[in-house]
Structure formats: structure tokens, C-alpha cells
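Reader: I've just opened this one and could use a hand finding my way around. Can we go through it together?

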Amino acid sequence: GMVGFGGVMLPDFAASKLAFLQNYGVEFGEWLNNAGMTGWMDLVGVSVMVGFVLAVKNSQERSASLKNNWGYQLGTIIILASGIFSLSRISQFLYFQF
């Protein structure tokens, strides 16, 4: 199901066993359509992304194998310096009214 600021929505097939949750604001319906997913290819795409996230190392695992050497230090200095120097540039401000 989906959970968000708009409430909770569960799939249609769960309505027969969990109908009492409607008293608490839970809706039953086609929750994939409400998430902007209209076809099976969207579901396959999400499944591939979840599989990728589960297959790669997380930040804790990566930090355990991180070795302190000149390459990492130089790369960090270059990225930090370019970030600091780019603060003085004029950039567009994007405003979204939520």
C-alpha cells in the first residue's frame, strides 16, 4: 500500500479482510495508479531499482573498506574547493509552492 500526507491506501484485495480500517481513514483502491504508476513496466522499473539498492554496498560497508591515501585527499580537496568557489556564482532560484 501507500502511506503519505494524503492518508493511507491499501490494494483492493485487502478490503475484504481489513474493512474495519475504513473507520480510521484508510482507503482501498488502485494504489499504483495514485502513485503515478499505470502499467507493469513501472512496477518492473521499481523492482529493478529496489534490487539494485539491495545488491550494492551501503555507506557503512563502503566506509569500512575506505583507505586514506593521496588520491582520496586530492579528490576531496578539489570537490570542496569547487563547491566553495561556486557559491559566489549567480544562480536561478527555483521556487515550488507546495
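This is a predicted model: local features need pLDDT of at least 70, side-chain atom pairs count only at pLDDT 80 or more; totals for chains, interfaces and linings use all residues.

Reader: How many residues of α4 are buried?

Author: To count as buried, a residue needs under 20% relative accessible area. Helix α4 has 16 residues and spans 22 Å from first C-alpha to last, close to the 22 Å expected. It lies largely in the open, because the number of its residues that are buried is zero.

Reader: And what share of the 98 residues in the protein chain is buried?

Author: The chain runs β-β-β-α-α-α-α from the N terminus, so to speak four helices and three strands. Its accessible surface is about 9200 Å², with 66% of that belonging to carbon and sulfur atoms. Of the 98 residues, the buried share is 8%.

Reader: Is F28 buried or exposed?

Author: F28 sits in strand β3, residues 26-29. Leaving out neighbours within four places in sequence, F28 is in contact with L10, P11, D12, A14, A15, L18, A19 and Q22. The cut-off for buried is under 20% relative accessible area. F28 has 15%, so F28 counts as buried.

Reader: What separates the C-alpha atoms of F28 and A14?

Author: A14 is among the residues F28 is in contact with. The two are 14 residues apart along the chain, and their C-alpha atoms are separated by 7.5 Å.

Reader: What is the relative accessible area of L54?

Author: L54 belongs to helix α2, residues 40-55. Together with V46, M49 and V50, L54 makes a nonpolar surface patch of about 400 Å². Exposed means over 50%, and L54 is exposed because its relative accessible area is 69%.

Conventions: Residues are numbered from 1 along each chain as its sequence is written. Side-chain values use heavy atoms; hydrogens and water are left out. Helices (H or I, at least four residues) and strands (E, at least two) are DSSP runs, numbered from the N terminus. Buried means under 20% relative accessible area, exposed over 50%, partly exposed in between (1.4 Å probe, protein chains only). Accessible areas come from the Shrake-Rupley method with a 1.4 Å probe; for residues, only the protein chains shown count as cover. The expected span of a helix is 1.5 Å times one less than its number of residues. Patches are made of residues with over 30% relative accessible area and no salt bridge: like charges are joined within 9 Å, nonpolar side chains (Val, Leu, Ile, Met, Phe, Trp, Tyr) within 5 Å. A salt bridge is a side-chain nitrogen of Lys or Arg within 4 Å of a carboxyl oxygen of Asp or Glu. Contact means heavy atoms within 4.5 Å.
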